[in-house]
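My notes follow in the order I looked things up.

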Amino acid sequence: MTMTMTKRSLVFVALLLAAMAQLSPAQAAGEAEPLPQHDWSFAGPFGTFDRGALQRGFQVYRQVCSACHGIKRVAFRNLADLGYSAEEIKAIAAEYQVTDGPNDDGEMFQRKATPADRFPSPYANEKAARAANNGAYPPDQSLIVKARHDGANYVRALLLGYGEAPAGMKIQDGMHYNKYFPGHQIAMASPLMEGVVTYQDGTPATQEQMANDVVTFLAWAAEPEAEARKRMGLKVMIFLVPMTIALYLLKRKIWSRVKH
Amino acid sequence: MSAPNAPQKPGLIGWLDYRLPIFGFMNKELREYPTPKNLSYAWNFGSLAGIILLIMILSGLFLAMNYTPSTDKAFDSVERIMRDVNFGWLLRYIHANGASAFFVVVYLHMARGLYYGSYKSPRELLWIIGVAILLLMMATAFMGYVLPWGQMSYWGATVITNLFSAIPVVGDDIVTWLWGGFSVDNPTLNRFFVLHYLLPFVILGVAFLHMIALHTHGSNNPTGLDAKKEDKIPFHPYYTIKDLFGLGVFLILFSVFVFYVPNYLGHPDNYTPANPLVTPAHIVPEWYFLPFYAILRAVPDKLGGVMLMFGSIALLAALPWLDRHPVRSGRYRPLFKKFFWLFVVNALVLGWAGGKPAEGHYLLIGRLCTAYYFIHMLVVLPLLSKFEKPHPLPTSIAAAS
Ligand code: HEM
């Protein structure tokens, strides 16, 4: 009797949970072009960011995207995650100027960035960014991968989704056809031309390679804790699963005293 | 509580208990508390809800130490928590997914009550207090979702607070009063933070009343029969261990979300800072509000929708008087059982429809399900109370197993 009730309750819970999963707002999104799915190094419960891809992606970000997009939530010290040494990070930071102050004369001043600083954004504010980009706003990229449905695949698809507009579609002045952008007209010109960067590690800089690399970098920028989180998750599971089994056995033992 | 005239027991605890019977109280309500021995795992969700409430209060407390409730700092402060506060990401993911877990568990807890007729005499007040807790949870979760000040925070708050403008005559004034201005803005965020901090402690208090009401007549059980003395066993160790095992299972499932898919139940738009000038393509509330959201949008009239939505919750509180069938447990009610599952499926479909744009066949399905919700409550249950012939009841809990 109790066993069938146990089973019934479990089935009940499982069904409800499965149904809830179907209800999740992630699925409730608008109908968009299906995104090609890429096999990311960081996907899955054991995935980690490929260090080579991170460093190459950082290079793409610095040499291409940073002209228009900031990553203001990332600090130079965070670059240690990419595999850079303290010395290298200091050197990278020193290439940037940040505003500090006011000094004793009450003036704001420019100084070299230190590892404790965050990446300065290319434009002083949204108005300035729009003025320089034909009225369009290049969003800060610190969270872009988390701020879109299936973000990593979306940004990759977006970067590779430029091409000829289908016949009959009118593209407005200063806009570009993109298969994956909502509405298919985007103010950003295709940023990744073959060979626009020369990789320090000698990897050929094809468009797809650069897209994969920069998205890996942006995925890290959005979730720098992801690796630590999954590592902790594993430890937590290794603790919880045997503990729960032990609790179950103990429960059986204690309940064996109860007559039905 | 121990009898006032009981002699003082030896030791420090005895001394304390003679003056303030807190240990005697805990002993009586948490250890000895006589509980029917035939409870299924469907009875695990109450204590689980209580534990989640504590988890929410604790994680919320530490988040509040690092959060800044102002429109130009809120989003940044949450990202500081995610990136710079030690284990801040863990706190935030526990709190955000904990809210979802809370609703999953409480909905299951309520489904248990619905099926086994736990709302029937003498547990009507216990049930109504539960509905009050549900309302408080909804208010708390709604205001909590506003705090990170992302796009969905802002627009969700705008849509939901605007509902009050449907109230005739004074509606607009009420909305201005709620906002503390002429749109959702800094004063709104500030007061939502204060209320979001306050309400869980109110829930804690109301949950205590819930427990007092529960312990007055004791738990219902799968047979729905009144449990006799010989059908009962002490809460400890039997139900403490069973609840602990249930907690273990829950924590495993919960950890899958927190550690591996922490944003699965969230909306990506909330990682874009609030912008009053850009309306998101679809404004959707969190999943646990979707069935009610579907009811809200089922009629073209704003006031009508608001009344239907609050009505759907009010009807839950009225259940003890809508279902007057003398048999408590659905186990012995063949027709009720079928309608119960129809009601569950209906609620899930409502939730699905609530997540879709209110147009075309989504809207139609939402309307049909809304209609069934009210028909179930107002027609099916009263009719079943009159005409349903139950299976023969076992003579006792012992005879049932
Ligand atoms: C903060 C949320 C809640 C907490 C902490 C809570 C806690 C509990 C606990 C510990 C029990 C005893 C164990 C059990 O029977 O599962 C219980 C019983 C009960 N709860 Fe809740 N509850 C909550 C919300 C609700 C809601 C929303 C409802 C219904 C609208 C509800 C209705 C009931 C009923 C009817 C019982 C008696 C069940 C029986 O003995 O059959 N509760 N609750």
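Entry 1, a charged pair. I started with B:Asp76 and A:Arg73. Their side chains meet in a salt bridge, 2.8 Å from N to O. I keep in mind that this is a predicted model. I then asked how many salt bridges the rule finds across the interface of chain B and chain A. It finds 3. For polar contact across the interface, I got 13 residue pairs, both residues at pLDDT 80 or more.

Which helix of chain B gives the most to the side that touches chain A? I listed the elements that each supply at least two residues: α4 (74–83), α5 (88–115), α10 (235–260) and α13 (334–354) of chain B. α10(B) gives the most, with 17 residues. By class, I noted 43 nonpolar, 12 polar and 10 charged residues on this side of chain B.

The size of an interface is often given as the accessible area lost when the parts come together. For chain B and chain A I read about 5,300 Å² buried between them. Carbon and sulfur atoms carry 70% of that area. The contact takes 65 residues from chain B and 57 residues from chain A.

Which protein atoms are donors to the iron atom of the ligand? I found NE2 of B:His109 and NE2 of B:His210, at 2.1 to 2.2 Å from the iron. The two histidines are 101 residues apart, so I checked their places. B:His109 sits in helix α5 of chain B, and B:His210 in helix α9 (residues 186–217) of chain B. Why is the arrangement octahedral? The 6 donor atoms around the iron subtend angles of 77 to 179 degrees, and that makes it octahedral.

My search of the whole structure gave 20. One pair I looked up is A:Asp201 and A:Arg56, at 2.9 Å from N to O. This pair links distant parts of the chain, 145 residues apart. A:Asp201 is in the loop between β4 (185–186) and α6 (207–222) of chain A, while A:Arg56 is in helix α2 (residues 51–63) of chain A.

I noted a cis peptide bond from A:Gly101 to A:Pro102, with omega near 0 degrees. A:Pro102 lies in the loop between β1 (97–100) and β2 (109–112) of chain A. Another cis peptide bond joins B:His236 and B:Pro237, with omega about 5 degrees. B:Pro237 is in helix α10 of chain B.

Definitions and conventions
Residues numbered from 1 in each chain as written. Chains lettered and ligands numbered in written order. Heavy atoms only, no water. Contact = heavy atoms within 4.5 Å. Buried area = accessible area lost by both parts, 1.4 Å probe. Salt bridge = Lys/Arg side-chain N within 4 Å of Asp/Glu carboxyl O. Polar contact = N/O pair within 3.5 Å; in protein donor to acceptor, adjacent residues only side chain to side chain. Helix = DSSP H or I, 4+ residues; strand = E, 2+ residues; numbered from the N terminus. Nonpolar A, V, L, I, M, F, W, Y, C, P; charged D, E, K, R; others polar. Donors = N, O, S within 2.8 Å, 3.2 Å for Na, K, Ca; no water. Tetrahedral: all angles 85-135°; square planar, octahedral: opposite > 155°, others 65-115°.
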